[in-house]
Amino acid sequence: LNVYAFKSFTVADTVSASAGGTFAGNVAFGANATFGDNDKAVFGAGSDLQIYHDGSDSVISESASGNLLIQGDNLYLQNPAGSSTYIRAKNGLEVDLRYNGSPKLATTSTGIDVTGSVTADGLVVDGNATISSAAGSLYLEDNNYTAGQKVFGVTSKSGDLLLRSFTDDKLTATNRLGIGHSTGDISFYEDTGTTPKFF
């Protein structure tokens, strides 16, 4: 073992050539400590925490019965260049998940905030569900329709409730049934969806 590679020792420090080096005190390095492939930085009496590179992957391995704690006021998981954030956690504030650097799912003081569309295999709401938009729509799609999706939607427009059929891209809507917010009138539209013919 080349003891001259270390910056300083104390009287309590000992070096064992057979074990590779045992130190009872602190060790200070004036430069980098370099580990080769599969050479590990090992912590704990039972090698509970290991940090190493196996030639292909970089590994932080924790096998103790306790928890792996990463502590800090603000935590950022980023790309190697530090130019894009995958996950951000702020002390006492939000935790957000990002796509290409843009927040998509964030925790709030009352729940979560989602930016963009939500695709799920199912949905169970235990409480009230609110769609808030200038002309918010709830779409019902038939994915088994061979010629494309048949889409129906319930839309709030100027306070009235409209049952509409939509094109597959949801850009073109045709009114089918309307319920007036202030009057309670029910209107049935003709085939073009422009004029109520029966109410």
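Biologist: Where is Phe 152 found?

Modeller: Start with the term. Strands (E, at least two residues) and helices (H or I, at least four) are DSSP runs, numbered from the N terminus. Here, Phe 152 sits in strand E10. Keep in mind that this is a predicted model: local features need pLDDT of at least 70, side-chain atom pairs count only at pLDDT 80 or more, and totals for chains, interfaces and linings use all residues. Residues are numbered from 1 along each chain as its sequence is written, and side-chain values use heavy atoms, with hydrogens and water left out.

Biologist: Is Phe 152 buried, partly exposed or exposed?

Modeller: The cut-offs come first. Buried is under 20% relative accessible area, exposed is over 50%, and partly exposed lies in between (1.4 Å probe, protein chains only). Phe 152 has a relative accessible area of 40%, so it is partly exposed.

Biologist: Which residues make the nonpolar surface patch?

Modeller: A patch takes residues with over 30% relative accessible area and no salt bridge; nonpolar side chains (Val, Leu, Ile, Met, Phe, Trp, Tyr) are joined within 5 Å, like charges within 9 Å. Areas come from the Shrake-Rupley method with a 1.4 Å probe; for residues, only the protein chains shown count as cover. The patch here covers about 980 Å². Its members are Ile 131, Leu 138, Leu 140, Phe 152, Val 154, Leu 161, Leu 163, Ile 179, Ile 186, Phe 188 and Phe 198. Strands E9, E10 (150–157), E11 (160–166) and E13 (186–189) each give two or more residues to it.

Biologist: What is the accessible surface of the protein as a whole?

Modeller: About 15400 Å². Carbon and sulfur atoms hold 52% of that. Of the 199 residues, 14% are buried.

Biologist: How many helices and strands are there?

Modeller: The count is 0 helices and 14 strands. Read from the N terminus, the order is β-β-β-β-β-β-β-β-β-β-β-β-β-β.

Biologist: Among contacts between residues at least 6 apart in sequence, what share joins residues at least 24 apart?

Modeller: Contact means heavy atoms within 4.5 Å. The share is 2%.

Biologist: Now the charges. How many salt bridges does a search of the whole structure find?

Modeller: The test is a side-chain nitrogen of Lys or Arg within 4 Å of a carboxyl oxygen of Asp or Glu. The search finds 3. Arg 88 pairs with Glu 94, with the closest N and O atoms 2.9 Å apart. Arg 88 also meets Asp 96, at 2.8 Å from N to O. Asp 96 in turn meets Arg 98, at 3.0 Å.

Biologist: Is Asp 96 buried or exposed?

Modeller: Asp 96 has 2% relative accessibility, so it counts as buried. Arg 88 is buried too, at 16%. Glu 94 is partly exposed, at 22%. Arg 98 is partly exposed as well, at 23%.

Biologist: What is Arg 88 in contact with, leaving aside its neighbours within four places in sequence?

Modeller: Arg 88 belongs to strand E5 (residues 85–90). Its partners are Leu 75, Tyr 76, Glu 94, Val 95, Asp 96 and Arg 98. Polar contacts use a separate test: a pair of N or O atoms within 3.5 Å, where within protein one must be able to donate a hydrogen and the other to accept it, and residues adjacent in sequence count only if both atoms are side-chain atoms. The Arg 88 side chain passes it with the side chain of Glu 94 at 2.9 Å, and with that of Asp 96 at 2.8 Å.

Biologist: What should I make of phi at Asn 38?

Modeller: Most residues other than glycine have a negative phi, and most peptide bonds are trans. Asn 38 has a positive phi of about 70 degrees and is not a glycine. Asn 38 lies in the segment before strand E1 (41–43), and is partly exposed at 46% relative accessibility. Ser 47, also not a glycine, has a positive phi of about 55 degrees. Ser 47 is in the loop between E1 and strand E2 (49–53), and at 32% it is partly exposed.

Biologist: Which element has the lowest mean pLDDT, and which the highest?

Modeller: pLDDT is the predictor's confidence in each residue, from 0 to 100. Strand E9 (residues 137–142) is lowest at 77, and strand E6 (residues 95–99) highest at 97. Over residues 14–18 the pLDDT is below 50; beyond near neighbours in sequence, that stretch has 9 contacts in the model. Where pLDDT is low, the predicted coordinates should not be read in detail. For the protein, the mean is 83, and 85% of residues reach 70 or more.
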